[in-house]
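Colleague: I have the sequence and the coordinates open on my screen. Could we walk through a few spots together?

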Amino acid sequence: MKFFILFSLFFNVLLSSTLNLSMGSSPSRINPILSNDSASSQISQWIFNGLLKYDKDGNPTVDLASSYEFETPTKLIIKIKKGVLWHDGVEVTSKDVIFTYEKIIDPKVYVSFRSNFNEVESVKALDKYTVEIIFKKPYFKALVTWMVSLLPEHILKDEENLMTSKFNKKPIGTGPYKLKEFKNNADIELIANDDYFEGRPKIDKILYKFIPDTNTSFLFLKQKKLDVGGLTPLQYERQIDKKFKEDFKIIEQPSLAYSYLGFNLRDKKFQNKKLRQAIAYATNRKEMIDILYFGHGEICDGPFAPSSFVFDEKFKPYRYDLEKAKKLLKELGYDENNPFSFEVITNTGNPIRANAAQILQYQLKKANIHMNIRVMEWQAFLNTIVTPRKFEAILLGWSTTLMPDAYALWHSNSDKLGRFNLVGYRNEKIDALIDKGSGTVDREKFAKIYKEIYSTIADDLPYLFLYIPNSISVVNSQIKNIEPSVIGIMHNQKDWIKP
């Protein structure tokens, strides 16, 4: 009998499947409300769940919740699924929602996204599985706010200091995987949760290999020691072979980030829209993408991603037209004898951005626009150029989100020191639309408002929006049920099958 049990255990180990991933740094706190670094967030996503989440198309849907409803524009009722268990076997209830909310707003707990809850007036348990959330006013991010992962009240209710709690190294969640063990600067192993409320994951283990060096990570990928990874365009085009393409499925899609040339609109040089249009027409952004990313990217025309539900597909974008650029410049009094000139400043440590500046310089010169380039160390760039707004133009990038918020970059109130309206864009129409959108909980009405914001800003050209690089992911070709999505390839990982 003893031999049979040992044989069964050995046989099960042989049959168990492992998903091999990599991480470049150690997690600091595996706690969803304290996970501020990418490594902590990576691990936390497998262990915890929120009431709501995004579906594969980027629309809000239920997670731990069974349903949600706005009874009024300021009253949100969320019902929790019955029978969902924490990893220690205790059931999830409305007490966990209240506890998580109280910890998020607790001044003794450092939570980077606390401001997301500024519009919450109160959170109350109506019964064991029902929560009532009252907002101070209709809030367009109401559903996104409750995508935050929950904490177990029964484990942490008597914890004196959540910041230093042992829980942050030995977390108990509701997610598809449990943490087996955590050590700093070492591999991290996650094991499948047999009682996961959406069904046990088909892959038994996830092993995060601690690989601080990106070159080593790429080498491990080529040696098939990793199942999932990312490629740069250079690696894709020059550093992988036919065998690699057989071993891995390559999934390419636009990232949620863009680069831009920002014009300081406080400077009289750039206050004439015709001048900004001339620069737009003189810039061959397709050529930039071909040179910088070997074609693995797309032209950016406005502040929201083409995959976003607020992208305005009716907007007619500016495209490369050198003659039109010269014509506009001539109307403004500029020609080869009197060229328009300006300085662009960007940062070191980003070779693609520095190369983009040189390509821009070359292209604009064809239209008799002289662009001088200054490259500075990042902190010096922020402290002496960006923060005090001492520039004519800057070359930077921005990451977008699935739920767009135009306030930070485009509202006049954000044109202040310490805020992100760096170029001094002021438009009363945009301010009114942003304010209107912020009080809209109906997704279709919000989309209509934000499409108008998109087309207005894209036409105004406070930035010359440049390009959106592609994200290139690779997955072991033996793994089945891969389903690319706007929220990433991992969204349905529990359904992946690895022989």
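Colleague: Happy to start with the rings: which residues do ring pairs link into a cluster?

Modeller: Bear in mind that this is a predicted model, where local features need pLDDT of at least 70, side-chain atom pairs count only at pLDDT 80 or more, and totals for chains, interfaces and linings use all residues. Residues are numbered from 1 along each chain as its sequence is written, and side-chain values use heavy atoms, with hydrogens and water left out. Rings of Phe, Tyr and Trp (its six-membered ring) pair if their centres lie within 6.5 Å; planes under 30 degrees apart are stacked, over 60 edge-to-face, the rest tilted. The cluster linked by such pairs consists of Phe135, Tyr139, Phe140, Phe304, Phe309, Phe311, Phe315, Phe446, Tyr450 and Tyr454.

Colleague: Which charged end sits over the ring of phenylalanine 309?

Modeller: A charge sits over a ring if NZ of Lys or CZ of Arg is within 6 Å of the ring centre and within 35 degrees of the ring normal. Here the distance to the centre is 3.7 Å, and the residue is arginine 443.

Colleague: How many aromatic pairs does the structure hold?

Modeller: The total is 33 aromatic pairs.
One of them joins tryptophan 410 and tyrosine 425, edge-to-face with 85° between the planes and 5.7 Å centre to centre. Both of these residues are buried (under 20% relative accessible area, with exposed over 50% and partly exposed in between, using a 1.4 Å probe and protein chains only). So that you leave with the number you asked for: 33.

Colleague: Is alanine 325 buried or exposed?

Modeller: Alanine 325 is in helix α11 (residues 322–331); helices (H or I, at least four residues) and strands (E, at least two) are DSSP runs, numbered from the N terminus. Leaving aside residues up to four places away in sequence, alanine 325 touches Ala278, Tyr281, Ala282 and Ala367 (contact means heavy atoms within 4.5 Å). Its relative accessibility is 0%, so alanine 325 counts as buried.
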